[in-house]
Number of protein chains: 2
Amino acid sequence: MFAPLQNDTFLRACLRQATPHTPVWLMRQAGRYLPEYKATRAKAGSFMGLATNTDYATEVTLQPLERFPLDAAILFSDILTVPDAMGLGLSFQLGEGPKFATPVRDEAAVNKLEVPDMNKLRYVFDAVTSIRKALNGRVPLIGFSGSPWTLACYMVEGAGSSDYRLVKTMLYQRPDLMHKMLAINADSVAQYLNAQIEAGAQAVMIFDSWGGVLADAAFHTFSLAYTARVLAQLKREHNGVVIPRLVFTKGGGQWLEAMKQLDCEVLGLDWTVNLARARALVGENGPNAKALQGNLDPNVLFANPAQIEAEVAAVLGSFGAPHTDLTQTGPAQIFNLGHGISQFTPPENVDVLVRAVHSQSRRLRASQG
Amino acid sequence: MFAPLQNDTFLRACLRQATPHTPVWLMRQAGRYLPEYKATRAKAGSFMGLATNTDYATEVTLQPLERFPLDAAILFSDILTVPDAMGLGLSFQLGEGPKFATPVRDEAAVNKLEVPDMNKLRYVFDAVTSIRKALNGRVPLIGFSGSPWTLACYMVEGAGSSDYRLVKTMLYQRPDLMHKMLAINADSVAQYLNAQIEAGAQAVMIFDSWGGVLADAAFHTFSLAYTARVLAQLKREHNGVVIPRLVFTKGGGQWLEAMKQLDCEVLGLDWTVNLARARALVGENGPNAKALQGNLDPNVLFANPAQIEAEVAAVLGSFGAPHTDLTQTGPAQIFNLGHGISQFTPPENVDVLVRAVHSQSRRLRASQG
């Protein structure tokens, strides 16, 4: 049904297999920093108009690949499509973030929640298949979803928040309601990601964007446990091919030892994490060893080319000597930013970054002999 | 000149000496959640009108002590008084955060910066003396400042920021300018805190509120190194009494091993930190052992009294058995929130919290025999 994969470096690194260079892609790589994205967005009229139109979603997903030799594509969509399908009424005000028309703030609202009919998310699965076809085997396609906790943050707050007061009030005051919502979110996310896999996604990533705002104990109870509940329900392979699962908790650097126990292949890391330490904790060999993805500060892309190259060298150097033995698995890195790329990024600096990752990581492997 | 201290539990805990209960105070304890604060604020006309008037600053500093049996007072002021004295023009728009009229965004602006004349900050030192007198020895008075890096964030951004793009662009593109600004900030903060000590502050705290937004390597170079530069210049004692120094990096939980090397007595911790782990890393005995301050999620104060008491028990339990041997130093905790108290907090819940810390921590000591 789909063309054979030409560049499998990303998928191999996910499985901790050796690769000729360190694969690289960027969170939010299809986005507002690209003038061609803005042009398509203008044609579509609105963000959801863009995300729900298969042709537009395909077009913008491929745009960064036309410019830069990236090693993976990621579905163009939003992390909040699932609660939208639950009937919460997602919209995007221009210049502001996402907003829900009917936030979930009391027992009655929680009791009304249920796993949405996946047919309401058909536009996402259609986009996955369309993008996979358009990629024509160039690079693998990553599907994704928000984590149960991150969805709950938006569902309760109704929008972004600086203090997460409403969602945390529910968490501390009515943990029963929070657990009920998180269980529904987890089962919804699992169905959603499995449908993306069936539609053609070759890896899936869970964005726990707001896990890092939780207190230590609360993170384990209200975020990690429900990410684990999603993972337990995910397909391990599709048509005989393993589907790697990536988990990224922004601000989760202190919880890597607990995250090592997750049944997934890759942990994403933000820029606050020391890669050498993370590799020692969760990236070296052992039954639960994970590939690590990250973790350049997106603001490095506002520096000059030579400075960007130096920061790429620092991130590669911090991870340390790459694994090169083709006969076994070992420590593996997927280069990425530590968070989504800024809309103000000069596109030419992204080119500098991607090429620096490829050339420097090839040189590192060559110097290891 | 000042009345003798009646409740020295906070100062003793700072020095890792045994105390009959775990001392407690709350970041931003004099603030908008108190109706009496709002009344004084209304009389003063503006935030800076409040902060620059000795009588008003004294009045609001003492307000929470009239309500709750807190173990320390903290100077009412703002972390941005120092750049204001540098001539950047600090103001507070109603409902928004602080704003600088002339942010520091290029080489010319950095070259104009210098350590301000401390006479411009006389209103702060006058407030310290006035508050110390008004306290009449009830509890010790904590002075404070923003850290060099945190000041730089506001000085470059001109206001709060969600991505710190401008200040990080300068950091990555012109590290020379950033180092120059941070050196001036550090020397200014040191003079500022020493003057607070001379005016009557019995402990001083450095708020590195935005240290946690930095990448791992950048934190060490651009935040921690300049906090250390401040500490190196601070008075160790005043009139023969030791002046404890507290450092709080919000989001700094991954860097505790490096922060252990700081020449200070106490590290503040936000709610993401596991206290048992922090105690093992930096709170147990040894040449650089520190007292630990924190770390309840301020949103716990939106729960019910029994739930607040349970969360207090969890924080005390996470730190573990308190040190009780009066003949030597040992692990010590100062109870606090992990960040400033929310303006929406019901004051009666603060009372529940403070009393729970006292009664539970006394019980813990009694049960140890």
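Biologist: In which strand of chain B is the place of Asn295(B)?

Modeller: In this predicted model, Asn295(B) belongs to strand S10 of chain B, which covers residues 291-296.

Biologist: What is stated about the peptide bond from Gly294(B) to Asn295(B)?

Modeller: That bond is cis, and its omega is near -5 degrees. In chain A, the peptide bond from Gly294(A) to Asn295(A) is cis with omega near -10 degrees. Asn295(A) has its place in strand S10 of chain A, residues 291-296.

Biologist: Why is Asn239(B) called exposed?

Modeller: Asn239(B) has 9 C-beta neighbours inside 10 Å.

Biologist: What makes Asn136(B) partly exposed?

Modeller: Asn136(B) has 13 other C-beta atoms within 10 Å. Exposed residues have 12 or fewer and buried residues have 20 or more. The value of 13 lies in between, so Asn136(B) is partly exposed. This residue is found in the loop between helix H7 (122-135) and strand S4 (141-146) of chain B. The phi of Asn136(B) is positive, about 55 degrees, although the residue is not a glycine.

Biologist: Why is Ser130(A) not called buried?

Modeller: Ser130(A) has 18 other C-beta atoms within 10 Å. Ser130(A) lies in helix H7 of chain A, residues 122-135.

Biologist: How do you know that Ser130(A) touches Thr54(A) and Thr58(A)?

Modeller: Two residues are in contact if their C-beta atoms lie within 7 Å. Ser130(A) meets this condition with Thr54(A) and with Thr58(A), residues up to four places away in sequence not being counted. As for Arg236(A), it is 106 residues from Ser130(A) in sequence and 22 Å away in space, C-alpha to C-alpha.

Biologist: How many residues of chain A are in contact with chain B?

Modeller: There are 27 residues of chain A in contact with 27 residues of chain B. On the side of chain A that touches chain B, helix H9 (165-173), helix H11 (216-233) and helix H14 (305-319) are the elements giving two or more residues. H9(A) gives the most, with 5 residues. The residues of this side divide into 11 nonpolar, 11 polar and 5 charged.

Methods:
Residues are numbered from 1 along each chain as its sequence is written. Chains are lettered from A and ligands numbered from 1 in the order in which they are written. This is a predicted model: local features need pLDDT of at least 70, side-chain atom pairs count only at pLDDT 80 or more; totals for chains, interfaces and linings use all residues. Helices (H or I, at least four residues) and strands (E, at least two) are DSSP runs, numbered from the N terminus. Ala, Val, Leu, Ile, Met, Phe, Trp, Tyr, Cys and Pro count as nonpolar, Asp, Glu, Lys and Arg as charged, and the others, Gly among them, as polar.
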